Amino acid sequence: MEEYYWDNKIEYLRKTRDAYYNDDYLEFLVKSVWRLNQPISIIDYGCGYGYLGLKLLPLLPKGTKYTGIDKGNQLISEARAVFGTLPYETEFIVGDITEAELECKYDVALCHAFLMHMTDPILVLKKMVDSVVDQGRIICFEANWISAMANTYLAGVDQSKITDLGILQKLYEDDAKRNGKDGNIGIKLPRYFSQLGLKDIGCRVSDKVNFLDSNVDQSLKQKMCTSFCEDGFGADPGEQDIFVRRLIDRGMSFEDAQRQYQTEKLLASLFNIQSDLVSAATMKITFGTVCRGQAKG
Ligand SMILES: C[S@@+](CC[C@H](N)C(=O)[O-])C[C@H]1O[C@@H](n2cnc3c(N)ncnc32)[C@H](O)[C@@H]1O
């Protein structure tokens, strides 16, 4: 049987999420922004091993039920194992969201780094909307890659030498037009929410700014450094021909692809655990309320 890509990415998911949010910020969102102060039922689309559940359940009132759905068998087995030892009411479903029919019964439908991987994200967003009760909430934590790239500073080198924002901006735009998957969907979601009729729409940005400080002990920095590396930051671009060909296949010109290779090669040669790096993921967190209205009659 063919291996499912995300089932082999559990370690990646574990090692990268810490770079996005401080726990106090998530607490602020839950308690002060969304005011989730009654037990609720939540569904997490593309839950992976349950990252969001692990973060949010300790902040939510006792009696809250968390359901996670994901296509990955191994991810769901891992989620069941992780939550099996915790005092929360949970249910995990293996399923493909594009095919699954979910009952309209949840108070909150949420997702983390999920819509960005969908070829038809608006269709999936509609499913999320259909799965919550009237006055239920949709909350999407999604990426905005170009913003993350702009929010990265490596000491000792001009940013334009290691991050060519123009080339990347066009690459991401072309990718989204070609296959629907949009690494910048985070910044577009407030508008999509409005188009789907959601009300009280708000959008926040993730708070965490990571600082890899050359003046602190290496062991303290190892976790953060690993997290950057797992996300591909400073990775060696490998064989030039293969790298360039892949970018051309994604719509880039030969000249830009060569330049991008040189840029990534330089970054790989400069970035290591001794670097001074400041970087923020700037995930966009969009939320809105489903208002079905009363049928007139
Ligand atoms: C980037 S991962 C995010 C996982 C988790 N939300 C997190 O942030 O740790 C994307 C997840 O979406 C899931 N996924 C992708 N396409 C799916 C589909 N059609 N149906 C269900 N899950 C899907 C993958 O299996 C993967 O776990």
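The model is predicted: local features need pLDDT of at least 70, side-chain atom pairs count only at pLDDT 80 or more, and totals for chains, interfaces and linings use all residues. Residue numbers run from 1 along each chain as its sequence is written.

The protein chain is assigned domain 1 (5–144 + 183–208 + 281–289) and domain 2 (153–179 + 210–280), with bounds from an automatic or database domain assignment. Their C-alpha centres lie 28 Å apart. To the contact, domain 1 gives 11 residues and domain 2 gives eight; two residues are in contact if their C-beta atoms, placed from the backbone, lie within 7 Å.

Next come the cores. A nonpolar core is a set of buried Ala, Val, Leu, Ile, Met, Phe, Trp, Tyr and Cys residues joined through C-beta atoms within 7 Å. A residue is buried if 20 or more other C-beta atoms lie within 10 Å of its own, exposed if 12 or fewer, and partly exposed in between. The largest nonpolar core has 55 residues, and Ala109 is among those with the most contacts inside it. Apart from this core lies another, of nine residues, including Phe233 and Leu277.

Met283 sits in the loop between β9 (277–280) and β10 (284–289); strands are DSSP runs (E, at least two residues), numbered from the N terminus. Met283 is buried because 23 other C-beta atoms lie within 10 Å.

Technical notes
Helix = DSSP H or I, 4+ residues; strand = E, 2+ residues; numbered from the N terminus.
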